[in-house]
Amino acid sequence: MGNIIYSSITGSYPFEGTFDGEEFSSREGRNRVKKGEKPPLKEAYRESDNPIDRVLLKALELCLVYRWQDRARAYEVRDLLINELRNTQDYYERKKPRHK
């Protein structure tokens, strides 16, 4: 599930392609995951003030916990996304200009 969320945020797969000038192969990516490393995420994503980005980052962090025993269950991530995205919808509704 973390791969899906990561790909949704970045448009690429974890540890594949180039990041800050460093080239990643899928084999190297698998090895890094086995070592407990998290895939690189540009600061622009981490520092975004967009509420949807913030929700996706929260969900991603729940999925990227190394030990599967400690990782969030799918229903927990689902519940977070549902609840937080409802709040996001409220945020955008409040920002919508009102026409008379």
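Two helices, α1 (2–10) and α2 (26–34), each contribute at least two residues to the lining of the largest pocket, helices being DSSP runs of H or I with at least four residues, numbered from the N terminus. The model is predicted, so local features need pLDDT of at least 70 and side-chain atom pairs count only at pLDDT 80 or more, while totals for chains, interfaces and linings use all residues. Residues are numbered from 1 along each chain as its sequence is written, and side-chain values rest on heavy atoms, with hydrogens and water left out.

The largest contribution to this pocket lining comes from α2, with five residues. The pocket holds about 480 Å³ and is lined by 22 residues, of which Asn3, Pro14, Val33, Pro39 and Leu64 lie nearest its centre. Its lining comprises eleven nonpolar, five polar and six charged residues.

A pocket is an open set of points on a 1 Å grid over the protein atoms alone, with protein on both sides within 12 Å along at least five of seven lines, whereas in a cavity a 1.4 Å probe fits but cannot get out; lining residues have an atom within 4 Å of a point. The search of the whole structure finds one cavity of 30 Å³ or more. Tyr6, Lys38, Pro39, Leu41, Arg46, Leu60, Glu61 and Leu64 line the largest cavity, and they divide into five nonpolar, no polar and three charged.

Just after α1, glycine 11 adopts a positive phi of about 80°.

Conventions:
Points joined across faces, edges and corners; volume = space filled by probe spheres on them. Nonpolar A, V, L, I, M, F, W, Y, C, P; charged D, E, K, R; others polar.
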